[in-house]
Amino acid sequence: MSGEVEKDFQEIQIRMASLMTGMGEPVLKLLDPKPGERILDMGCGLGVLAEEMVKMGCEVVAIDVNSQAVEAARQRNVDARLMNAEAMTFRDEFDAVFSNASLHWMRHTNRAIEGVSRALKKGGRFVGETGDRENLKNVIAAVQTALERRGIEIENLHPWLFYTQDSLTRMIENHGMKLKSMETLERPTTLPGTVSEWMSVYANNYLSCLHPKEREAFLDELMELARPTLFRDGKWFADYVRLRFHAVKS
């Protein structure tokens, strides 16, 4: 990647990261952090929301598997640690665990939720938002069509695992937490760029099976396929559908 191309990609990453931060504000409001609370931000990204909690007077530990994200969070004076949420070793030490759009990236979600329960103090809360089974349905349909035209099956390329209310509730309650609320939210969201730029940051898995020289043509085709459902009034949208939840450790 040339220096100019890398710089452009980094700018795209920053714009797309701001999208996730903005979507996380209502989840942070549901968490309702209190001064003096010890909070685990599981999948902190660039640490913007973790920094907000620190400014509220909370003691925050933020974890992520992306070393660049962890470094960015540290630059915000957040106690950010490079750690896989599926292998957490915290025990009985947090008043709350916060998860904004991180659970659906995990291949072994049960392990992560078990770790959340173990990390919480009794009465501690687990608050977050993750992808519903219908999340990004139109994006994925366009990707699937473009891949099938190239003789490629999509099934093993999905970067995410999405849930139903029932399946997520079972996972949470099977690990000693009681669900207080869960709602499904349709959140069509304006993208700060094109759907292909969004994909280069959040769905690069789908491009991994293509030769680098094929990717530009693939993304152009994807945009044409997605245009009827995801482009209007001169703007691109992502058809997000989220599950927002609040649970308490028994």
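Which handedness does the β-α-β unit made by S1, helix H2 and S2 have? Strand S1, helix H2 (residues 48–55) and strand S2 make a right-handed one; right-handed here means that, with the strands pointing away from the viewer, the path from the first strand over the helix to the second runs clockwise. Before the close-ups, note that this is a predicted model, where local features need pLDDT of at least 70, side-chain atom pairs count only at pLDDT 80 or more, and totals for chains, interfaces and linings use all residues. Residues are numbered from 1 along each chain as its sequence is written, and side-chain values use heavy atoms, with hydrogens and water left out.

View 1. Helices (H or I, at least four residues) and strands (E, at least two) are DSSP runs, numbered from the N terminus. Five of the five residues of S1 (residues 38–42) are buried, so the rest of the structure largely encloses this strand; buried means under 20% relative accessible area, with a 1.4 Å probe and protein chains only. Arg38, Leu40 and Met42 point one way, while Ile39 and Asp41 point the other. S1 runs parallel to S2 (residues 59–64) over five bridges, and Met42 has Ile63 as its bridge partner there. S1 also runs parallel to S4, with three bridges, and Asp41 partners Phe98. Strands count as paired if DSSP finds at least two bridges between them.

View 2. Nine of the 12 residues of S5 (residues 120–131) are buried. S5 pairs with S4 (residues 94–100) in the parallel sense over six bridges. Getting from S4 to S5, the chain passes through helix H4 (residues 109–119) in a right-handed β-α-β crossover. With S8, S5 runs antiparallel over seven bridges, and Thr130 has Leu243 as its partner in S8.

**View 3. Glu129 up close.** This residue of S5 is buried, at a relative accessible area of 1%. Its side chain makes a polar contact of 2.7 Å with that of Arg244; such a contact is a pair of N or O atoms within 3.5 Å, where within protein one must be able to donate a hydrogen and the other to accept it, and residues adjacent in sequence count only if both atoms are side-chain atoms. Asn100 is the bridge partner of Glu129.

**View 4. Helix H8 and its kink.** H8 (residues 212–230) has 19 residues and reaches 25 Å from its first C-alpha to its last. A kink of about 30° sits at Glu224, shortly before Pro228; the bend is the angle between axes fitted to the seven residues ending there and the seven starting there. Phe218, Leu222 and Ala226 are among its buried residues.

Note on methods: Expected span 1.5 Å × (residues − 1). Buried < 20%, exposed > 50% of the residue type's maximum accessible area, 1.4 Å probe, protein only.
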